[in-house]
Each structure stands twice: as C-alpha cells, then as structure tokens.
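Let's take a walk through a protein model together, one place at a time. Keep the sequence and the 3D view side by side as you read.

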Amino acid sequence: MSTSPAPRTPDTPHPRDSHPIAPRRVAFDWRTTPLHWIPDEPTATHVINVLHLLLPAGERWFVTVFKEALPLVRDEELLRDVKGFMGQEATHSVQHAYVLEHLAHQGLDTGRYTRHIDFLFAYLLGAKPPLGLPLPQQEWLRFRLALIAAIEQFTAVLGNWVLAADGLDRAAPDPVMLDLLRWHGAEEVEHRAVAFDMYQHTGGEEPARYLRRILGMSVTAPVLLYLWVCGAAYLLRHDPQLALPSRYSLREHNRAVRRGLLPSWRELGSAVPRYLRRSYHPSQEGSLRTAVAYLASSPAARAAAGAVGRAALS
C-alpha cells in the first residue's frame, strides 16, 4: 500500500541545491568603457547604473549582518552556503565600487548620492536599532535578515532577466559592462535561496517568522523603488555628456522597457506576491543551469578560474 508524501509546512526545511557556492575573484578593465555604455540610451544606461550606487554599501552590509548571524546557524550545509554567499557578495561590492571610480574619472561624481546610501546601511540599518528604538537585539537582527531575504528576491529576478536580455545584445552595449552585469546576475541566481534559507533558519517560530517576512518585503519594495528612481534621476541630472541637465522620464524608461533594455514593471512587481506565498521558496526563481552556463563562458569568470588554476600549479 503506497503512501503519499507528507505535506510541506512552513517549518519543513526546503531541499537545497547541491551546487557549491563559491566566490570568483574576477577583474574588469574599464579603460575603454564609455559613460553611455548602451549607445544612445542615457536613460537605460543610468537606470541600470543605479546598481553601482546601491551595491557597494549594500552588499558590504549583507556580509556584516550575516557575520553577526553566523553563530545562530546549526546546519553545516547552510553554513557552507552562507559563507560562499558572503564571499560572492563581498566580491560584488568591490567590483561595483570600481565602476563608481570609473564614472568619477569620466566626470560623473556619485559621492553626494552614495553618502546617503552609506548612511542608510551604516546607521539606519546598523548593528543597533536607530533612534534608540526599544527593540531586542535578536529581533533587530531577524528584521535585518528579513530585509536581506526580500532584497535577494529582486536580485534573483534581475539576475534572471539580464541573463536572457536579448534586447541588450541587440543594442550593442559595451562588452565589459555586459559581462559584469551577467556575471553578477548569474551569481545572484546561483545563490538565490541562501538569504531566504538563512532567514528561515534563524527567524524564530511561526507565525512571527512569516509576519516578519511580510514586513521585510513591505519595507523593501517601496524603498528600493524610491532609491532607484532617485538614483537614476541623480545620474541623468549630473551626466556631463548630456547637452542639458536631463530629468528621469517615465516615458523614456518605458520606451527602454519596450526595446528590451530594462525589465518590465510586471516582471519586477510580480516578484512580490510570489514571495509572500507561505509555500514560496526562491529555488523557483530563474534557472540554475542557465546561470552556471553563463559563468562557464563569462570572460571575467573564465579568466579568474584560469588564474586560480595557474596558482595551483605554480
């Protein structure tokens, strides 16, 4: 007599991918990358360039929060994944910071904007609750882990989008920038479930864990939208290669979406209700096979792997 498998509950551990997560010590040469790396598309260029504004501080913050939470991890497999995630995110932070230096060399100083981002992560989301909020330290840590899990939902969606963005290929973008974006996007798909699993593992009991997950997304989605629009507006307004100071235009943004240069609003917005399902797990996002295939062909990732191999033989 056959028996059906027991139904999955929110407390049932989700089987994790056996694929190992490890950082790739990539490097990119920005000397020939133009400011408008998507030709004749300043809006699409700068909407994507907001990544460089947010990620250096944001991904350093991911690593800091995860270091704080490491003593709470009681699962060896998850611990390995978390350490791999931390290594990848630290590398992402460094590489996007180099792009900010490149923008500055081309006359686009982002310091006035990124100082606000640094304040957000270092003070408002730092080790202690801001403004003296009377939150227990454990609850503050769990809330920040919930925020990271929600942010990683969007990075997985964006990573999946950029790997399949034929519109970018047709627009003949700078190949170095495209490789950076696709290498980063592939690693986001590769570790898409780690932050969620980390939160589920350390987030306490239900229903508080699920309610905090909802709160994390309720904060993350509007704040990310606000920061993205403000960041794009800043970059366009300070772009030294535009004849006149330019404003962020929703019409221009939507035109770039139609050309396949940016993800659609529906693609981004639909990530929220998926995430809020109690049964949701991020392994449902994107294709690990596609991500791994790109990482095997990425010029920067292949060069990094070659350097590791040569070092091992020396």
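## Starting at Arg-170

Arg-170 sits in helix H5, which covers residues 166-170. Helices here are DSSP runs of H or I with at least four residues, strands are E runs of at least two, and both are numbered from the N terminus. With 63% relative accessibility, Arg-170 counts as exposed. In this report, buried means under 20% relative accessible area, exposed means over 50%, and partly exposed is in between, with a 1.4 Å probe and protein chains only. Now find Arg-259: along the chain it is 89 residues apart from Arg-170, but the two C-alpha atoms are separated by 9.2 Å.

A word on what you are viewing: this is a predicted model, in which local features need pLDDT of at least 70 and side-chain atom pairs count only at pLDDT 80 or more, while totals for chains, interfaces and linings use all residues. Residues are numbered from 1 along each chain as its sequence is written, and side-chain values use heavy atoms, with hydrogens and water left out.

## The largest pocket

How much volume does the largest pocket have? The value is about 1000 Å³. The search uses a 1 Å grid over the protein atoms alone: a cavity is a set of points where a 1.4 Å probe fits but cannot get out, whereas a pocket is an open set with protein on both sides within 12 Å along at least five of seven lines. Lining residues have an atom within 4 Å of a point. Grid points are joined across faces, edges and corners, and the volume is the space filled by probe spheres set on the points.

The lining of the largest pocket has 42 residues, and Leu-54, Phe-154, Leu-158, Leu-224 and Trp-228 lie nearest the centre. Two or more lining residues come from each of helix H1 (42-69), helix H3 (111-124), helix H4 (137-163), helix H6 (175-190), helix H8 (208-238) and helix H10 (265-269). Of these, H8 gives the most, with 10 residues. By type, the lining divides into 32 nonpolar, 8 polar and 2 charged residues. Here Ala, Val, Leu, Ile, Met, Phe, Trp, Tyr, Cys and Pro count as nonpolar, Asp, Glu, Lys and Arg as charged, and the others, Gly among them, as polar.

The expected span of a helix is 1.5 Å times one less than its number of residues. For the 27 residues of H4 this gives 39 Å, which agrees with end C-alpha atoms 39 Å apart.

H4 is mostly covered, as 22 of its 27 residues are buried. In H3, the buried residues are Gly-111, Tyr-113, Thr-114, Ile-117, Leu-120 and Phe-121. They pack against H1, H2 and H8. A contact here means heavy atoms within 4.5 Å.

Which helix holds Glu-152? Glu-152 is found in H4 and is buried, with a relative accessible area of 1%. Leaving out residues up to four places away in sequence, Glu-152 touches Phe-62, Phe-85, Glu-89, Glu-188, His-191 and Ala-195. His-191 is also among the residues that Gln-88 touches. Gln-88 belongs to helix H2 (residues 76-105) and is buried at 0% relative accessibility.

The side chain of Gln-88 reaches the backbone oxygen of Ala-22 at 3.0 Å. A polar contact is a pair of N or O atoms within 3.5 Å; within protein, one must be able to donate a hydrogen and the other to accept it, and residues adjacent in sequence count only if both atoms are side-chain atoms. Arg-192, in the loop between H6 and helix H7 (194-202), is buried with a relative accessible area of 6%. A polar atom of the Arg-192 side chain lies 2.7 Å from the backbone oxygen of Glu-285.

## Backbone details

Asp-40, in the segment before H1, has a positive phi of about 60 degrees although it is not a glycine. Leu-131, in the loop between H3 and H4, has a positive phi near 60 degrees. Asp-40 is exposed at 72% relative accessible area, and Leu-131 is exposed at 71%.

Finally, look at the loop between H7 and H8, the place of Pro-207. A cis peptide bond joins Glu-206 and Pro-207, with omega about 0 degrees.
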